[in-house]
Amino acid sequence: MDFELSEEHKIFQRTVAQFAQKEIAPIGEEHDIKEKYPRWIYDRAGELGFLGIPYPELYGGTGPDTIALSIFTEETTKADAGIAMGLVVQNTVGTSPVYNFGSEDLKQRYLVPAIKGEYVGSFALTEPNVGSDAASVQATAKEDGDSYILNGAKVFVSNGMTAKFATVAARTDKGKGHQGISLFLVDTESPGFSRKGVKKLGIRAQDIAEFAFEDCRVPKENLMGDKGKAFYHLMATVQDTRIIVGAASVGLAKAAFEKALQYAKDRQQFGQPIGKFQGIQFKLADMAVEIETASLLVFKASWLNDRGVNCTKEASMAKLYGSEMVNKVVYQALQIHGGYGYMREYPLERYFRDARIMEIFEGTSEIQRVIIAKQYGL
Ligand SMILES: Cc1cc2nc3c(=O)[nH]c(=O)nc-3n(C[C@H](O)[C@H](O)[C@H](O)COP(=O)(O)OP(=O)(O)OC[C@H]3O[C@@H](n4cnc5c(N)ncnc54)[C@H](O)[C@@H]3O)c2cc1C
């Protein structure tokens with residue numbers, strides 16, 4: 001297997017890196033402090049063709065191409081994780097259910113504008129009492145004439161405050177466990193829908209919301225996929241997003257590594273740069289090996305995914321290893337900065353907060369281990 005990027009992918013990487021370093025990196029800190037997403041970045045990314053990487057040209061996309069999406073995620077997260085996550089959600093769960101399960105009409109009305117950056121999409125599965133055990137969804141959807149009436153609550157919805165639409169998982173059949181859940185596209189202007197923003201530890205530029213549905217009327221044609229089959233639909237598509245969290249972890253780790261390497265060369269103690277001490281060199285060497293390993297896992301899983309090969313195990317490995325790796329790397333990068341690493345004037349403090357989420361969303365580290373173990377028949 002060849003892990004060298006193709007010429008096309010290398011060119012794409014340079015283009016994204018240029019965009020990310022020029023337009024995202026300079027505003028990362030400011031938006032982290034403001035805890036506000038720069039909405040215009042969707043328009044800009046849409047204009048550059050960066051919001052349809054998993055989708056065919058038919059809908060305005062440039063893909064499908066998981067390797068390209070991993071490259072895009074790595075480079076943008078390297079520039080700023082909070083801003084990158086908005087764009088990444090838009091390229092994955094924010095829109096993928098519409099592409100995979102929505103009708104042609106929904107694709108034209110919601111996916112096409114989302115690829116242009118005109119609409120922001122979001123994904124609402126998690127509830128106050130429903131997290132890792134996704135099959136226990138409690139929100140309900142009852143048929144009523146030509147509509148469904150949704151009731152319930154969703155939490156931790158990424159891009160939830162800026163979203164024009166959300167894919168919402170709700171129970172259409174009581175007591176049927178995995179079998180009774182369906183997916184709906186809910187326009188956030190629907191009557192009976194309300195939302196409020198919440199604050200978080202890291203990736204503060206990205207917005208996150210709680211949703212409430214109180215007799216929220218959704219047209220029947222907004223049901224996506226087969227009624228009662230949402231759990232299976234979702235499980236079949238999450239592997240892409242897991243790979244992408246691995247890629248985000250690599251991007252953030254590379255940013256921290258580069259800062260630590262430079263600092264080790266510049267900072268003088270005991271009459272020489274601290275990078276001359278073997279204790280610091282060993283930290284940097286270990287960080288470099290771990291980043292490289294995570295990157296190989298991400299590209300292997302992306303490569304398999306692009307060939308239509310089932311890569312449940314490889315996707316979970318890329319997510320698990322990458323997310324734990326970035327937390328170790330950022331920890332050591334901050335340590336190399338000593339007291340300055342702890343101060344807000346250096347970005348390590350922000351990276352340290354941003355890294356933590358990688359082990360939680362899209363299935364926690366524990367859940368990834370459960371999935372990997374299952375692949376070995378356990
Ligand atoms: C910033 C952020 C953004 C998010 N974005 C979205 C989004 O856009 N849409 C969405 O629907 N959700 C989103 N989530 C939700 C996220 O996917 C969940 O938080 C995650 O799946 C864990 O669920 P939970 O928080 O309810 O934890 P729980 O499931 O309650 O888990 C608590 C602890 O128990 C452990 N645990 C649970 N089950 C097992 C088990 N079987 N074996 C071992 N350990 C176990 C977990 O690993 C964890 O450590 C987001 C979360 C955050 C924090």
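Colleague: What am I looking at, and how are the residues numbered?

Modeller: Residues are numbered from 1 along each chain, following the sequence as written. The model is predicted, and local features need pLDDT of at least 70, side-chain atom pairs count only at pLDDT 80 or more, and totals for chains, interfaces and linings use all residues.

Colleague: How many helices and strands are there?

Modeller: The chain has 13 helices and ten strands, where helices (H or I, at least four residues) and strands (E, at least two) are DSSP runs numbered from the N terminus.

Colleague: And what is the radius of gyration?

Modeller: It is 21 Å, which agrees with the value near 21 Å for a compact globule, given that the chain has 378 residues; the radius is taken over C-alpha atoms, and the globule rule is 2.2 Å times the number of residues to the power 0.38. Along the principal axes, the C-alpha atoms fill a box of roughly 80 × 45 × 40 Å.

Colleague: Which domains does the chain have?

Modeller: The assignment gives domain 1 (7-116), domain 2 (121-230) and domain 3 (232-375), with bounds that come from an automatic or database domain assignment.

Colleague: How many residues of domain 1 are in contact with domain 2?

Modeller: In domain 1, 26 residues are in contact with 20 residues of domain 2, contact meaning that the C-beta atoms of two residues, placed from the backbone, lie within 7 Å. On the side of domain 1 that touches domain 2, α2 (28-34), α5 (81-91), α6 (96-101) and α7 (104-116) each supply at least two residues, and the largest share, seven residues, comes from α5.

Colleague: Why is α5 described as largely enclosed?

Modeller: Eleven of the eleven residues of α5 are buried, so the helix is largely enclosed by the rest of the structure. A residue is buried if 20 or more other C-beta atoms lie within 10 Å of its own, exposed if 12 or fewer, and partly exposed in between, with C-beta atoms placed from the backbone.

Colleague: Switching to strands, is β4 mostly covered or mostly open?

Modeller: Strand β4 (residues 165-171) is mostly covered, with seven of its seven residues buried. F165, T167, A169 and R171 point one way, while A166, V168 and A170 point the other way.

Colleague: Which strands does β4 join?

Modeller: Strands pair if DSSP finds at least two bridges between them. Four bridges join β4 to strand β1 (residues 121-124) in a parallel arrangement, with F123 opposite T167, and seven bridges join β4 to strand β5 (residues 181-187) in an antiparallel one, where V186 is the bridge partner of A166.

Colleague: What is V168 in contact with?

Modeller: Leaving aside neighbours within four places in sequence, V168 is in contact with A124, L150, K154, F184 and V186. V168 counts as buried, with 30 C-beta neighbours inside 10 Å.

Colleague: Last topic, where does the ligand lie?

Modeller: Domain 2 and domain 3 both give residues to the shell around the ligand, so the ligand lies between them. Of the 19 residues around the ligand, G131, S132, S158, T364 and E366 come nearest, a residue being near if its C-beta atom, placed from the backbone, lies within 6 Å of the molecule or strand concerned. β1, β3 (147-158) and α13 (365-375) each supply at least two residues of that shell.
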